[in-house]
Amino acid sequence: MTPNKSPWLHQLNRTRPIALLDADHHTDVAIVGGGIAGISTAFFALKNTDKNIILVEADKIAHGATGHNGGFLASYFERSFTSIAQEFGLRKAAEGQQAMESAWRLLDEIRSEAKMNTQMWQFTGYAACATMEEVMVHLRNNALKFKAGLSSPLMLIAENAPKVADIPESYKNLYSIVPQTDILSLVETEDTDYIAVLPERKGCMNSALFCEELVGYLLTKYPERFTLAEHTPVRRLILKEKHAVLDISKARKVTAKQVVLCTNGFEKINIINQSGPGINEKFHHLVRGIVGYMAGYTEELNKPPAEISYLPKKFNHGTDVYEEEPYFYLTRRPFEMEPRQTHNLVCIGGPEALMDDTNDYNIEHPFSDEARFQIDNFLRYTYRHTPKDNITYKFLWHGLMGFTPNGIRLIGPEPCNPILLYNLGCNGVGLLPSIYGGLKISQHLVGKKVPASIFDPTDPRIFKPKKSTYAKAPKLKAKRVS
């Protein structure tokens, strides 16, 4: 069985010793979760407030989902802008999109202030479409964004695409007609099913390396106000009227005036609210777990960084493994396997499995043979630069993503007890939203009046999941991770 081997942790080369909690601790703010959400929240909380902060992590910094992701940066939602506007109204939907876009600036702010060495690449990425139905979805979204005052790059549609003449006249300023060869060149394929492409701002970054470097900066910059505790799982969170108590293993306790959960949302934390309605049961239904499978191989450093998403017409090249139409994403960036040996690392993701019980997930579980079969077929029939011989993967890894019921990150105070705040819900594109969430949490912590937004947690007593509006995602047929 193939083990779970992430390229981001392989590159980490961590030298800092484990930071342990050796006594009970009293603080202003306790942040639970040492991934990119927790580290970003700590950064902005320390910068924008004068509060004392402790960050507690059940394992080691960035060794959860942050060290087992696709490694790309994107500022979109895993659901259509149109559906968000239908749910929240056009103004709030536009403000939510602008918030996601602002995370690029916040990331630059962090990197500049901390003088970070972790590399980041930014470029134009592409979403490739194989059906006119998908094309029309993007055009409707972009038309509504334009109405809301947002900008969006022109969509490129192949001149031989079916029913091009049927596109409504009102969309004529949202796309450009080009030869199909231009489309295929941009998305690096010879598969003539692809008839359109949407350019978007994208990037690549090793988020585990980013977090490890940033936490080192925080420990140095704020030695009197910042405490880190690794291998410190929270078993029970007791919310009182004016403070909270975190029960840690080995009979340790952390007492804090406020607590921020920056986890995937379904850790084994028992939440006891002694100052209001019960939270625990509904909290553990706020986020559903989906295991994402990814693979990576190295090649010569002779092509630029890239990120491409593929939404195929039907993936039927000799296989019937999908319960619904899949999409895949591919990234490419320089990667140093060993000191002074730089290659390109090509990563592919897409296969996913819904967790029936997220508590059963184990990062040590072997890589799914079915997921590898799907990735092999995608590369064989879609990506133009796939090695002609058998593909030798350097890395095969999986990670547990948290999806909120409406596909939008939860950022802000718990309505039943504002002592507790959330910055959680990866929703498949978690890096930039996590960073934006860190800034917004710091505004709550300092007592700033934060306008209502699409990210606000709802009262769990009246919470009702809505019909799924997630983007299409592949599922492993008849497979469940256990």
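Student: Which residues line the largest cavity?
Tutor: In this predicted model, the lining of the largest cavity consists of Y76, F77, E78, M100, G407, I408, R409, G425, C426, N427, V429 and P433. Residues are numbered from 1 along each chain as its sequence is written. Local features need pLDDT of at least 70 and side-chain atom pairs pLDDT 80 or more, while totals for chains, interfaces and linings use all residues, and side-chain values rest on heavy atoms, without hydrogens or water.

Student: What makes it a cavity?
Tutor: On a 1 Å grid over the protein atoms alone, a cavity is a set of points where a 1.4 Å probe fits but cannot get out, and lining residues have an atom within 4 Å of a point. The structure holds 2 cavities of 30 Å³ or more, and the largest cavity has a volume of about 60 Å³.

Student: How are the residues of that lining divided by class?
Tutor: The lining of the largest cavity has 7 nonpolar, 3 polar and 2 charged residues. Ala, Val, Leu, Ile, Met, Phe, Trp, Tyr, Cys and Pro count as nonpolar, Asp, Glu, Lys and Arg as charged, and the others, Gly among them, as polar.

Student: Why is Q180 called buried?
Tutor: Q180 has a relative accessible area of 13%. Buried means under 20%, exposed over 50% and partly exposed in between (1.4 Å probe, protein chains only), so Q180 is buried. Q180 lies in helix α6, residues 180-186. Leaving aside neighbours within four places in sequence, Q180 is in contact (heavy atoms within 4.5 Å) with A158, N160, T192, Y194 and I195. The side chain of Q180 also reaches the backbone oxygen of T192 at 2.8 Å.

Student: What makes K47 and E109 a salt bridge?
Tutor: A salt bridge needs a side-chain nitrogen of Lys or Arg within 4 Å of a carboxyl oxygen of Asp or Glu. In the pair of K47 and E109, the closest N and O atoms are 2.4 Å apart, so the pair is a salt bridge. K47 belongs to helix α2 (residues 36-48) and E109 to helix α4, 62 residues apart, so the pair links distant parts of the chain. By this rule the count comes to 18 salt bridges.

Student: Why do K47 and E109 count as partly exposed?
Tutor: K47 is partly exposed because its relative accessible area is 33%. E109 is also partly exposed, at 24% relative accessibility.

Student: Is R79 buried or exposed?
Tutor: R79 has a relative accessible area of 8%, so R79 is buried. Its salt-bridge partner is E87, with the closest N and O atoms 2.9 Å apart. E87 has a relative accessible area of 26% and is therefore partly exposed.

Student: Which residues do salt bridges that share partners join into one network?
Tutor: That network is made of R14, R16, E212 and E230. Within it, E230 forms a salt bridge with R16, at 2.9 Å between the closest N and O atoms. Both E230 and R16 are buried.

Terms used:
Helix = DSSP H or I, 4+ residues; strand = E, 2+ residues; numbered from the N terminus. Polar contact = N/O pair within 3.5 Å; in protein donor to acceptor, adjacent residues only side chain to side chain. 1 Å grid on protein atoms, 1.4 Å probe; cavity = no way out; pocket = protein on both sides within 12 Å on 5 of 7 lines; lining within 4 Å. Points joined across faces, edges and corners; volume = space filled by probe spheres on them.
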